[in-house]
Amino acid sequence: MQFDIIHNRIGTNSEKWDSLQSLYGLQPSEAIPMWVADMDFQAPEAVTKAIRGMAEKGIYGYAREDDNYRQAICGWMARRHKWQVQPNALFSVHGIVNAIALSIQAFTKPGDGIIIFSPVYHAFSRVIEASGRRLIESPLVIDETGKYRMDLEATSHRLTGNERMVILCSPHNPGGRVWSSEELEQLAEFSERHNLVIISDEIHHDLVYGDFTHLPFEKAVPSSQSYLITLTSTTKTFNIAGMHTGNVIISDEKLRVKFKKTLSALAISPSSFGVAMTTAAYNGGEEWLDQLLIYLSKNKVLFEKRINQIGGLVSMPLEATYLCWVDYKAYNLSLSEYKHKIEAETKVAASYGEMFGNGGAGFLRFNIATPKKVLDSALTRLEAAFNRV
Ligand SMILES: Cc1ncc(COP(=O)(O)O)c(C=O)c1O
């Protein structure tokens, strides 16, 4: 099985592997990195073939967002997500964080408030603050089934009137929620009432388990088009994040005009590698993805079972993404105690909950997109260390 192969990524300038020493003080040869959200698997052959084709020609000139690229994206959304996207609604930018930064420039002014649902992917707050906008963290609430829910009622009481945008992570990272149509409708209603543009970051849309179905925001709430920007990408799905290419989908003409202006102002144009890899992945990577989802769902079952058997640890039920969110508050360990007593011993490098904002302390995020043998060995180390504390 292709996903069982253990690839040596050390010395490949991989952030996940080659920063272990500088960031965690761990030797890459002994450590198990479960932090950065990329997978230890090779991308689909279709993607490598596209790159090989370019390399054989040896010409790396400027690219266009051509019809094939647009059709590949629209075809994928229609086949996998039952969502009809118009080719003229698409823009190619340099990744999803870049898309968020561009949207902030296009649709808000310095000092405007931007709402996020914390804990959430850390780049949201970083980009908002670096752009001189006001960060409003709306804390997610854990319900009786152990899952995150948005609390829009509490958030509405905190608004001061200069809020212009809300950024949703759908599916949610960390926490792995697939938002329901009711939840999306409620957020649309809230956004309309408060005059907010919604940025729906759907980068994890293809990585959904079991009976859950990701709902593109626009499909769930078609009436939201006039205040909605959707962000998607092939990068998480096919493990090609280093190419830094993302799709911005804007169905509303007025919003598109504003966004286009920002692209011109900041001189953003497509990458030839991004266009080629995206097209190849969507046209030739579907079977690979189906196999990946089977593999990841087995890893998820294994991880949740063994982590939840360690008394005091709770892995939030994962509906999507390969990022498991584990509550270790019952151990009463400060972050530095955790590093000293667990991380130094296990040499397993997880992401610390603190970096995801309010509500993140006392959690760890583990990336389980790695061969089962590696996952097994990480779990064995974690079992031993937590059981000793
Ligand atoms: C929710 C979310 N958005 C965006 C990104 C990063 O996207 P990009 O590399 O395209 O900037 C990540 C990466 O983990 C993510 O989880």
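How many bridges join strand β13 to strand β14, and in which sense do the two strands run? Two bridges join them, and the strands run antiparallel. This is a predicted model.

**Five-stranded sheet**

- Five strands make up an open sheet, in the order β1-β13-β14-β12-β11. The pairing in this sheet is mixed.
- β1 (32-34) and β11 are its edge strands, and each of them pairs on one side only.
- Helix α15 (residues 372-388) packs on this sheet and touches β1 and β13. The direction of α15 makes about 95° with that of β1.
- β13 covers residues 348-352, and β14 covers residues 363-367. Across this pair, Y352 stands opposite L364 in β14.

**Seven-stranded sheet**

- Seven strands form another open sheet, ordered β2-β10-β9-β8-β7-β3-β4. Its pairing is mixed.
- Strands of a sheet pair through backbone hydrogen bonds, either parallel or antiparallel.
- β2 pairs with strand β10 (residues 246-249) in the antiparallel sense, over four bridges. F91 stands opposite V248 in β10.
- Strand β3 (residues 113-118) pairs with β7 in the parallel sense, also over four bridges. Here I114 stands opposite M165 in β7.
- β7 also pairs with β8, in the parallel sense and over five bridges. V166 stands opposite I198 in β8.

**Strand β7 and C169**

- Is β7 largely enclosed or left open by the rest of the structure? Six of its seven residues are buried, so β7 is largely enclosed.
- C169 belongs to β7, which spans residues 163-169.
- C169 is buried, because 24 other C-beta atoms lie within 10 Å and the cut-off for burial is 20 or more.
- Leaving aside residues up to four places away in sequence, C169 touches V120, Y121 and D201.
- C169 and E202 are 33 residues apart along the chain. Their C-alpha atoms are separated by 6.5 Å.

**Ligand shell**

- The ligand is surrounded by 13 residues. The closest are A37, G95, I96, V97 and Y121.
- By class, the shell has seven nonpolar residues, five polar and one charged.

**Helix pair α5 and α6**

- Helix α5 (residues 96-107) and helix α6 (residues 123-130) have axes that come within 10 Å. The axes cross at roughly 35°.
- The crossing of α5 past α6 is right-handed.
- The contact of α5 with α6 has eight nonpolar residues, with no polar and no charged ones.

**Cis peptide bonds and positive phi**

- Most residues other than glycine have a negative phi, and most peptide bonds are trans. The cases below depart from that pattern.
- S170 and P171 are joined by a cis peptide bond, with omega about 0°. P171 lies in the loop between β7 and α8 (181-193).
- N173 and P174 are likewise joined by a cis peptide bond, with omega about 0°. P174 is in the loop between β7 and α8.
- N195 is not a glycine, yet its phi is positive, at about 60°. This residue sits in the loop between α8 and β8 (197-201).
- T321 is not a glycine either, and its phi is positive at about 75°. T321 is in the loop between β11 (314-315) and β12 (323-327).
- T321 counts as buried, because it has 30 C-beta neighbours inside 10 Å.

Terms used. Residues are numbered from 1 along each chain as its sequence is written. This is a predicted model: local features need pLDDT of at least 70, side-chain atom pairs count only at pLDDT 80 or more; totals for chains, interfaces and linings use all residues. A residue is near a molecule or strand if its C-beta atom, placed from the backbone, lies within 6 Å of it. Ala, Val, Leu, Ile, Met, Phe, Trp, Tyr, Cys and Pro count as nonpolar, Asp, Glu, Lys and Arg as charged, and the others, Gly among them, as polar. Axes are lines fitted to C-alpha atoms, for helices over the stretch in contact, and angles run from 0 to 180 degrees between N-to-C directions. A crossing is left-handed if the near helix is turned anticlockwise from the far one by less than a right angle, and right-handed if clockwise. A residue is buried if 20 or more other C-beta atoms lie within 10 Å of its own, exposed if 12 or fewer, and partly exposed in between; C-beta atoms are placed from the backbone. Two residues are in contact if their C-beta atoms, placed from the backbone, lie within 7 Å. Two strands pair if DSSP finds at least two bridges between them.
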